[in-house]
Amino acid sequence: MDSIHIRIGHNLQRIRKQRGFSLDKVAIKTKVSKGMLHQIERGDVQPTVTTVWKIATGLNISFSSLLKDEDAAVSVVTRKELSDITEDDGKCKVYLLFPFDPQILMEIFTIELGPGGSYCSSPHNEGVQEYITVDRPFGLRVIFRTAT
């Protein structure tokens, strides 16, 4: 299994080419700079969760379509084998559990917040439903704010 930033780069490039988009067009749609998109496609950088969300939202694709391994069929992996995207100085980690399935229109991922960690999600595309399950260790305070 490739490193997550390599998979993100390959998936971004594949999706961009399938749609016949230039890096300039993707930059406009996603509000991510052309230079950053080029570095992501080459696998030179590991994008933040926020950057991956901007790309997914701008291209109107699922978050997990950028993370999944295209060659994967069915596999069983343990948590320590999963790659993560980190943010908030490593206090926030996102793991893809099940990639987007176009038949059931669903993807599942988990966000792990360390002590003092936080994450503020960008707005989802219209029609997206989000289900959140919180595993709350003793003393952890969870705040959800939703836009209307």
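**Exercise 1. Determine how H1 and H3 are oriented to each other, and which residues form their contact.**

Solution. Begin with the elements themselves: helices (H or I, at least four residues) and strands (E, at least two) are DSSP runs, numbered from the N terminus. The model is predicted, so local features need pLDDT of at least 70 and side-chain atom pairs count only at pLDDT 80 or more, while totals for chains, interfaces and linings use all residues. Residues are numbered from 1 along each chain as its sequence is written, and side-chain values use heavy atoms, with hydrogens and water left out.

Next, take the geometry, in which axes are lines fitted to C-alpha atoms, for helices over the stretch in contact, and angles run from 0 to 180 degrees between N-to-C directions. H1 and H3 pack at an angle of about 115°, their axes lying 6 Å apart. Angles under 35 degrees count as roughly parallel, over 145 as roughly antiparallel, 65 to 115 as roughly perpendicular and the rest as oblique; H1 and H3 are therefore roughly perpendicular to each other.

Finally, list the contact, which means heavy atoms within 4.5 Å. From H1, the residues His5, Ile8, Gly9, Leu12, Gln13 and Arg16 meet Leu37, Ile40 and Glu41 of H3. By class, this contact of H1 with H3 has four nonpolar, three polar and two charged residues, where Ala, Val, Leu, Ile, Met, Phe, Trp, Tyr, Cys and Pro count as nonpolar, Asp, Glu, Lys and Arg as charged, and the others, Gly among them, as polar.

**Exercise 2. Describe the packing of H2 with H4, and then state what the buried residues of H4 pack against.**

Solution. Helix H2 (residues 23-30) and helix H4 (residues 49-59) pack at an angle of about 100°, with 8 Å between their axes. That makes H2 roughly perpendicular to H4. On the H2 side Val26, Lys29 and Thr30 take part, and they meet Lys54, Ile55, Gly58 and Leu59 in H4; the residues of this contact divide into three nonpolar, two polar and two charged.

Turn now to burial, for which buried means under 20% relative accessible area, exposed over 50%, and partly exposed in between (1.4 Å probe, protein chains only). The buried residues of H4 are Val49, Thr51, Val52, Trp53, Ile55, Ala56 and Leu59. They pack against helix H1 (4-18), H2, helix H3 (34-42), strand S1 (84-87), strand S2 (92-101) and strand S3 (106-113). Just after H4, Asn60 takes a positive phi of about 55°.

**Exercise 3. Characterise the loop between S1 and S2 at Asp88, Asp89 and Gly90.**

Solution. S1 and S2 form a hairpin with four residues between them. Most residues other than glycine have a negative phi. Asp88, however, has a positive phi of about 55° although it is not a glycine, and Asp89 likewise has a positive phi of about 55° without being a glycine. As for accessibility, Asp88 is partly exposed at a relative accessible area of 28%, Asp89 counts as exposed at 78%, and Gly90 is partly exposed at 38%. Gly90 and Leu113 are 23 residues apart in sequence, and their C-alpha atoms are 8.8 Å apart in space.

**Exercise 4. Decide whether Ser64 is buried or exposed, and find its contacts.**

Solution. Ser64 is placed in the loop between H4 and S1, and it is buried, with a relative accessible area of 0%. Leaving aside its neighbours within four places in sequence, Ser64 is in contact with Leu96, Phe98, Pro99, Phe100 and Glu107.

Technical notes. Two strands pair if DSSP finds at least two bridges between them.
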